[in-house]
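Reader: Can you walk me through this one? I would like the layout and then the side-chain contacts.

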Amino acid sequence: MEKEKDTKIKHDVYNIEEVGQVQIADEVVAVIAGLAATEVDGVAKMSGNITNEIVSILGMKKLSKGVKVAISGEEVEVSLNLVLKYGVSIPKTSEEVQDKVKNAIETMTGLHVSEVNIRIAGIQTDGE
């Protein structure tokens with residue numbers, strides 16, 4: 001029986017000769033980053049591109065919305081699009097998000113995070 005072709009990008013993180021290897025898909029790293037970012041006080045939500053917004057409206061919530069991940073070897077670069085709550089300190093909140101995302105990815109995957117870039121896509125007021 002032939003295996004189906006897997007189109008998701010995976011990266012070998014652990015290669016244990018006696019047991020096998022562990023592969024982590026880019027999508028998994030993106031989900032970890034998105035979840036870690038939304039746990040920070042002051043982050044209202046992630047902001048994706050128009051395609052992600054349409055998918056979200058249709059009810060198919062994507063956990064990696066607003067996250068772009070580039071993995072090269074064991075190095076990871078993460079870019080996040082955030083909507084912050086009105087009144088929070090942008091520099092302080094951004095720094096907290098960077099720290100939380102970096103720690104979450106490194107702890108859960110064993111990959112090294114070289115950059116966490118943040119783009120503030122909007123501000124959410126209480127009425128929204």
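Author: What follows goes through the fold, the salt bridges, one threonine and the surface patches.

Author: This is a predicted model, in which local features need pLDDT of at least 70 and side-chain atom pairs count only at pLDDT 80 or more, while totals for chains, interfaces and linings use all residues. Residues are numbered from 1 along each chain as its sequence is written, and side-chain values use heavy atoms, with hydrogens and water left out.

Reader: Fine. How many helices and strands are in the chain?

Author: Three helices and six strands. Both are DSSP runs numbered from the N terminus, with helices being H or I of at least four residues and strands E of at least two.

Reader: And in what order do the elements run from the N terminus?

Author: The order is β-β-α-β-α-β-β-α-β.

Reader: What share of the residues is buried?

Author: Of the 128 residues in the chain, 34% are buried. Buried means under 20% relative accessible area, exposed means over 50%, and partly exposed is in between, using a 1.4 Å probe and protein chains only.

Reader: Salt bridges next. How many does the structure hold?

Author: Three. The criterion is a side-chain nitrogen of Lys or Arg within 4 Å of a carboxyl oxygen of Asp or Glu.

Reader: What does Lys100 pair with?

Author: Lys100 pairs with Glu39, at 3.2 Å from N to O. Lys100 is in helix H3, whereas Glu39 is in the loop between helix H1 (26-38) and strand E3 (43-46), so this bridge ties together parts 61 residues apart in sequence.

Reader: Are those two buried or exposed?

Author: Lys100 is partly exposed at 34% relative accessibility. Glu39 is exposed, at 52%.

Reader: What about Glu96, which side chain does that one meet?

Author: Glu96 meets Lys92 in a salt bridge, with 4.0 Å from N to O. The two are four residues apart in helix H3, so about one helical turn separates them. Glu96 counts as partly exposed at 34% relative accessibility, and Lys92 is exposed at 55%.

Reader: And Glu106?

Author: Glu106 bridges to Lys102, with the closest N and O atoms 2.9 Å apart. This pair also lies in helix H3, four residues apart, about one turn of the helix. Glu106 has a relative accessible area of 23% and is partly exposed; Lys102 is partly exposed too, at 29%.

Reader: Now the end of that helix. Where is Thr109 found, and is it buried or exposed?

Author: Thr109 is in helix H3, which covers residues 90-109. Thr109 is buried, with a relative accessible area of 1%.

Reader: What does its side chain reach?

Author: The side chain of Thr109 comes to 2.5 Å from the backbone oxygen of Ile105. A polar atom of the Thr109 side chain also lies 3.1 Å from the backbone nitrogen of Leu111. A polar contact here is a pair of N or O atoms within 3.5 Å; within protein, one must be able to donate a hydrogen and the other to accept it, and residues adjacent in sequence count only if both atoms are side-chain atoms.

Reader: On to the surface. Which residues form the nonpolar patch?

Author: Tyr86, Ile90, Ile120 and Ile123, with about 380 Å² of accessible area together. Patches take residues with over 30% relative accessible area and no salt bridge, joining like charges within 9 Å and nonpolar side chains (Val, Leu, Ile, Met, Phe, Trp, Tyr) within 5 Å. Areas come from the Shrake-Rupley method with a 1.4 Å probe, and for residues only the protein chains shown count as cover.

Reader: Where does Tyr86 lie?

Author: Tyr86 is in the loop between E5 and H3, and is exposed at 65% relative accessible area. Asp126 belongs to the segment after strand E6 (112-124) and is exposed, at 84%.

Reader: Which residues make the negative patch?

Author: Glu74, Glu75, Glu77 and Glu115. Lys and Arg count as positive and Asp and Glu as negative, with His and the chain ends not counted; a charge is placed at NZ of Lys, CZ of Arg, CG of Asp or CD of Glu.

Reader: Where does Glu75 sit?

Author: Glu75 is in strand E5, residues 75-85, and is partly exposed at 36% relative accessible area. From Glu75 to Gly110 the C-alpha distance is 9.9 Å, and the two are 35 residues apart in sequence.
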